[in-house]
Amino acid sequence: MKKVNLLFLFLCIFVLIASGCAGISSDSGTSTDGASEGKTSKEQKMTVASDVGIISLDPYGSAHGEPSTILAATQIYDTLVIKDGDTFTPSLAKEWKQPDDNTWVFTLRDDVTFHDGSKLTAKDVKASLDQLVQRKESPLTVLWAQLDSVEATDDTTVTIKTKTPLGNMLYNLTLLFITPADQATKDDFFRKPIGSGPFKVVSFQPEQDLVLSANKDYWNGAPKLDSVTVRNIPETAARMTAIETGEIDATWTIPADQINQLKQNKDIKIVDTPSYFYYFNWFNSSQKPFDDVRVRQAMWYAIDTKAIVNDLFGDTAEVMKAPIPSSVFGFSEQTPYEYNPEKAKQLLAEAGYPNGFETRMIWSKGSGPQIFELQKALASYWDKIGVKIIPDQLERAEWIEKLTALDWNMDLQTNAVISGDADYTLGRLYISQANRNGYKNEQLDDLLVRAKQSTDSAQRAQLYDQANKIIWDEAVGIFPLQLKQIYAVRSNIKGLEASPSGAPSFHQVSID
Amino acid sequence: MANYLIRRLIYSLFVIWGAITIIFMVVRVIPGDPAAVMLGSNATQEQIHALNESLGLNEPLFVQYKDYLLNVLRFDFGESFRLGGSAMAHVLERLPFTFTLAFTAILFAIIISFPLGIQAARKPNGLMDKVISFVSLFGQSLPTFWVGIVLILIFSRLLGILPSAGSGSILHLIMPAFTLCLPFIGMIVRLVRSGILEELRQGYVQTARSKGLKQNFILYIHVLRNALIPVVTVLGLLLGEFIGSAIIIEVVFSWPGLGRLLINSILYRDYAVVQAAIAIIAGIYIILNLIVDILYGYIDPRVRMEES
Amino acid sequence: MDDLNVNRLLDSEQEIIPVMKKKINWKMTLLSLPIVFFVLIAIFGPMMVEYNPVQTDTAHRLLPPGSEIGDSTAWLGTDQTGQDVLAQLIHGARISLYVAVATVLIGGGIGVILGLLSGYFGGWVDTIIMRIADIQLSFPAILLAILIAGVLGPSVTNVIITLSITRWVTFARVIRGATLAAKNKDFVDSARVIGASNFRILTKYILPVCLSPLLVVVTVQIGLVIISEASLSFLGLGTPPDNASWGLLISLGRDYISTAWWISVMPGIALAILVVCVGFLGDALRDESDPYLNN
């Protein structure tokens, strides 16, 4: 019988180890579990899920440009101003004025406190902007290249001086999140940061769960929800299942082919809005054959943009009418390129390529929804005019390296005008000095610089209109479609508005 | 015995050194650099260069390697570029989840395959044997990610009895653990089957039979224990594979384990996290094998004799 | 892993592996039929079915099996870009089988050579080869594949290289075990006595003895390689989209599984049939070579 005991002992060890580990996970998981159980009671607990996890809560770090980080930051921190359609509404800043073109003076509210009870003052604003400008790893530091100085004149007054007039100042400020000056430089601060926003951080595991609880003392009124959990469910099938079964209350980034299925579910409503996200296919204008404008235009005439967008994207996207999405400041409608393969062939022949040519197209797998299908459809149309595409799907890291080194013929990607202002993309990507796609045009440079430095919005709109026309007519790239922000929301959730930047505020959301 | 343990220890250290050195080299050979990924597609070459400078990635490779080894000796794997904070802390935070998943999967595998293996061995090449080997082969013939998705659709969407994603309760564990163990069941069933068959040929079984002991009794008591030896060995070896397959399962089921962290860290060139994770996985692999060896000697005294 | 354990396992198998019987085995022939069918499809299918991987037809996407498009019928439906699933499947067969066979040939070849050297010469040759194998085994294979695929970039050739690197160890270990068992056998000793060179002993005497376990490993590995390639595709590191393997088809179709199941289920079925058949063939081979298991 001793031998039986040995076997038994051995199995016991396995069971013990396994159950011990399971304990760990259920302990750390209780907070999220509680959130989903609470839905049946009167407690206002909401769980949402996205396909891309929140990497970091640091609004000055390398993840700052990521929509997931901006979403989290919108709940935890405040900004000086908030963009509301085409205008700006006060938030931390009660009012602002411009004594001269290079100076902005902001007057802050005096009743705002951080989650730990300390007062938010002009010093914190200065420290936050200083930190953003100094951090080398932030992709948004460049927005502030013209910054001269920022001073805390007194507790409620901030003076920002720029080297040249900065037309997009207010847009940039919508991405400047304020953290407490004396704490934000500490090493572990962003593991569980504090801000002044409507929600406090309860716990945060990168790319897993962010658990937030209501800030009852919020200066703009306590949020209606008691807590919010933001989960990460990368696999589409799992995420769609979770919203259908009610495991989660809302999710976004819905594939076009799933929308109809979700619409049939009476417990789910679909909320959408045009977004700041769009696709472009750039040509490397510094190399043959794309140094010839006729070739670039031919490529555009060769594709049936409307058919591609309708067939592949359905309700999730619209055909683009300018090099920037329609929801962005600086948008102006351009003449569409019609589908005309004959004209395309003729243009190619004029440019000296009567039999077409072979060219390499790069893209990164995770760059946007259905990028693989879009690439295939484009290649199919180009094949018909004799342009053979060598597809080159790259890993993100490699793609970025090739892209920035201009080591490509064509580049398909999504892009976002995160600040909501044309300068963010047009001003940075199409200026000759940046040399992002090999296209150089002094007239365009002049327009873009003038638009950046003007603080008169009517004048800026007019300058961007001209810039749009040049980029569009010269076919620096093909701009096929702008994506919509689409949210699938359980019907008992009220007040969740889709936001073009992909970062809706949960402040006004409630559960019936 | 002490001599043997010391030899094993030195050898284990050598394997760990090899693993962390190879990983150091490989992550640096992969095209794409961390600064470019961090700054995103809108960055300029100057920005990328400045960031690489401040990350210390412009130093000669040898200098980086020297610093790396010295820090590793202090169990310091550096800071995560992407997530911020200590790389090892991130790895250790995720490790228990992957462990839970892997151990549950092994438990499932044992619970499922032992009875199957015993049944199959009762009548070798009989109908039951054929059915069992078909089922277990079928289990390993489909990609796990696909099986996982189908399970989600059936058990979460259609039947609504299991949660589709995430962690937090035993229920969350069932589908990922089952998906993970599926490809290994066939192998274990076969090990159990052949182990039993081989044991049945041994003299002591014949003796026991001639004494008139009931067949079931012989099977369970004597034979199983000896048939366990190859299974234990292979399970020890397989834990590495379990963790490897868990990488994919974790993505499908949003299980917050090490695998997802590792994949994303590789994709984003987060060197420190990749190095820390590999060091941990290699370390676990070594320790497990040591345990397997000891267990092995415990189950089969003959081994102890040979070692000493 | 201390190689002692593995060897003990293998040793016990080696002793009972005689040379294969030379008579027609109907069971094996039957099991081979589907495999032969797939191989024929892989070789001749692409010549018979018209398929242009570049041509998409977005107006006819996601059509269920049996749909009529103009005067042709999509027997297995169309995929997310409007391409015919059946045609893709036939072309995918070529890629998948090519990857599997090439990987087993290259990875297996390297493994066999290193295993023979390691087992036959022992000493420092054995130590070096087996320590390298140990270091490699301390990485999960899929992880190693991810890293190597990252370095090499996506192409069919690179997938083969990647998978070969992750597979050689298994072959080396099995062959090493078989060599260890064989090298002290009488017939090898007598060869040595009559002055045969090491090369001759390895190729003429030891290698033939290793063939039987090798065949078993090959059949298991072919299935594993096809599945591994699918896993790489899932992570976006498999074959490039213009040379879609079954694994990639399954992976790309998974987002549509609740609305257009046929895109990933059809290649899934093909894959399952192939792997099951190859697996059974391996079992049959093993039974063949192990007389004790037959009675």
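User: In this predicted model, which hand does the crossing of H5(B) and H6(B) have?
Analyst: The two partners are helix H5 (residues 87–122) and helix H6 (residues 127–139) of chain B. Their axes come within 8 Å. The crossing of H5(B) and H6(B) is left-handed.

User: Which residues of H5(B) make the contact with H6(B)?
Analyst: On the H6(B) side, the contact is made by B:Met128, B:Asp129, B:Ile132, B:Ser133 and B:Ser136. By class, the contact of the two helices has four nonpolar, three polar and one charged residues. From H5(B) come B:Leu116, B:Gln119 and B:Ala120.

User: At roughly what angle do the axes of H5(B) and H6(B) cross?
Analyst: Two packed helices are described by the angle and the distance between their axes. For H5(B) and H6(B), the axes come within 8 Å. The crossing angle is roughly 145°.

User: Which element gives the largest share of the side of chain B that touches chain A?
Analyst: The contact takes 60 residues from chain B and 56 residues from chain A. Elements of chain B that give two or more residues include helix H2 (34–39), helix H3 (45–55), helix H8 (170–200) and helix H10 (215–252). The largest share is nine residues, and it comes from H5(B).

User: How many residues on the side of chain B that touches chain A are nonpolar?
Analyst: Chain B gives 60 residues to this contact. Of these, 20 are polar and seven are charged. The nonpolar residues number 33.

User: How many residues of chain C are charged on the side that touches chain A?
Analyst: This contact takes 22 residues from chain C and 22 residues from chain A. The chain C side has nine nonpolar and nine polar residues. Its charged residues number four.

User: In what order do the elements of chain C run from the N terminus?
Analyst: Chain C has 10 helices and two strands. Of its 295 residues, 55% count as buried. Among its contacts between residues at least 6 apart in sequence, 71% join residues at least 24 apart. The order is α-α-β-β-α-α-α-α-α-α-α-α.

User: How far apart do the C-alpha centres of domain 1 and domain 2 of chain A lie?
Analyst: The domain assignment gives domain 1 (78–189) and domain 2 (274–484) of chain A. In the model, 14 residues of domain 1 are in contact with 13 residues of domain 2. The domain 1 side has five nonpolar, six polar and three charged residues. The centres lie apart by 33 Å.

User: Which helices do the buried residues of H6(A) pack against?
Analyst: Helix H6 of chain A spans residues 256–263. Its buried residues are A:Ala256, A:Asp257 and A:Gln258. They pack against helix H5 (236–245) and helix H8 (305–313) of chain A.

User: How many contacts beyond near neighbours in sequence does the stretch 21–40 of chain A have?
Analyst: The mean pLDDT of chain A is 88, and 92% of its residues reach 70 or more. Over residues 1–7 the pLDDT is below 50, and that stretch has eight contacts beyond near neighbours in sequence. Over residues 21–40 the pLDDT is also below 50, and the number of such contacts is 38.

User: Which element of chain B has the lowest mean pLDDT?
Analyst: Chain B averages a pLDDT of 81, with 90% of the residues scoring at least 70. Helix H4 (residues 61–73) has the highest mean among its elements, 89. Where pLDDT is low, the predicted coordinates should not be read in detail. The lowest mean, 46, belongs to helix H13 (residues 301–307) of chain B.

Key: Residues are numbered from 1 along each chain as its sequence is written. Chains are lettered from A and ligands numbered from 1 in the order in which they are written. This is a predicted model: local features need pLDDT of at least 70, side-chain atom pairs count only at pLDDT 80 or more; totals for chains, interfaces and linings use all residues. Axes are lines fitted to C-alpha atoms, for helices over the stretch in contact, and angles run from 0 to 180 degrees between N-to-C directions. Helices (H or I, at least four residues) and strands (E, at least two) are DSSP runs, numbered from the N terminus. A crossing is left-handed if the near helix is turned anticlockwise from the far one by less than a right angle, and right-handed if clockwise. Two residues are in contact if their C-beta atoms, placed from the backbone, lie within 7 Å. Ala, Val, Leu, Ile, Met, Phe, Trp, Tyr, Cys and Pro count as nonpolar, Asp, Glu, Lys and Arg as charged, and the others, Gly among them, as polar. A residue is buried if 20 or more other C-beta atoms lie within 10 Å of its own, exposed if 12 or fewer, and partly exposed in between; C-beta atoms are placed from the backbone. Domain bounds come from an automatic or database domain assignment. pLDDT is the predictor's confidence in each residue, from 0 to 100.
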